[in-house]
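Hello,

Here is the structure I promised to pass on to you. Have a look at it first, and then read my notes below.

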Amino acid sequence: MSRSSKLEVIKNTIKSYPDFPKPGVLFRDIFAVLNEPDVASLLYEVLCDEARSITPPVDCVAGLDARGFLFGTIVAKELNIPFVPIRKKGKLPGSTQSVRYKLEYGEDEVEIQRGNISTGQTVLVIDDLLATGGTLTAAVELIKKCGADAVCLIVIELTDLQGRKSINAPIHSLVQY
């Protein structure tokens, strides 16, 4: 099956929920793909193929809490490289490095354990969704704060929200709405 055919199957399996979590929002549910083992396998194949095609080759994978963990660990295993979680503040033990970022109403903070990313590495940041780009922007900033270069791999991109514009790193998205 071709890459475009796989992506079409994946896109057709993603469910949409109007007015969730609040009125006016159309929620795109990646869990519908994970509920179909054959489609989930296609998604993992496409993610791994996309990750392998990135140049220079990636040295580790960083997954954003929490859905990025679902995809990042599998890509890291397939590429035989480390997986590093990026989590909300206060969720990781040991010495951490963090970045604060603005939300629509307030601020939040993401962090990474020190020593898991080295200067000069190319880090593949994986997440399920790119909407307004706040969390992904913070993750890229955090990777750069560690002295590494970031490349982003996203399953779903909501192009109307233009989150891509705020991110200072190359972005590969598989499915666009």
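**What turned up**

Gln162 is partly exposed, because its relative accessible area is 43%, and values between 20% and 50% fall in that class. You will find Gln162 in the loop between β8 and β9. Its phi is positive, about 55°, although Gln162 is not a glycine. Please keep in mind that this is a predicted model.

Asn80 also has a positive phi without being a glycine, with a value near 55°. This residue sits in the loop between α4 and β4 (83–88). Asn80 counts as exposed because its relative accessibility is 69%, and the cut-off for that is over 50%.

Now for the inside. The largest nonpolar core has 31 residues, and Ile10, Leu43, Leu47, Val75 and Leu124 touch the most other members. At least two core residues come from each of α1 (3–13), α3 (37–53), α4 (67–79), β7 (122–130), β8 (149–157) and β9 (171–176). The biggest contribution is from α3, with nine residues. If you click on Leu124, look for its contacts, including Ala51, Val75, Val151 and Leu153. There is also a second, separate core of 27 residues, and Val125, Val140, Leu142 and Ile167 are among them.

Two peptide bonds deserve a look as well. Thr55 and Pro56 are joined by a cis peptide bond, with omega about -5°, and Pro56 belongs to the loop between α3 and β3 (60–64). Another cis bond links Asp65 to Ala66, with omega about 5°; Ala66 is in the loop between β3 and α4.

Happy exploring!

Note on methods
Residues numbered from 1 in each chain as written. Predicted model: local features only at pLDDT ≥ 70, side-chain atom pairs only at ≥ 80, totals over all residues. Heavy atoms only, no water. Core = buried A, V, L, I, M, F, W, Y, C linked by side-chain atoms within 4.5 Å. Buried < 20%, exposed > 50% of the residue type's maximum accessible area, 1.4 Å probe, protein only. Helix = DSSP H or I, 4+ residues; strand = E, 2+ residues; numbered from the N terminus. Contact = heavy atoms within 4.5 Å. Lists of a residue's contacts leave out its neighbours within four places in sequence.
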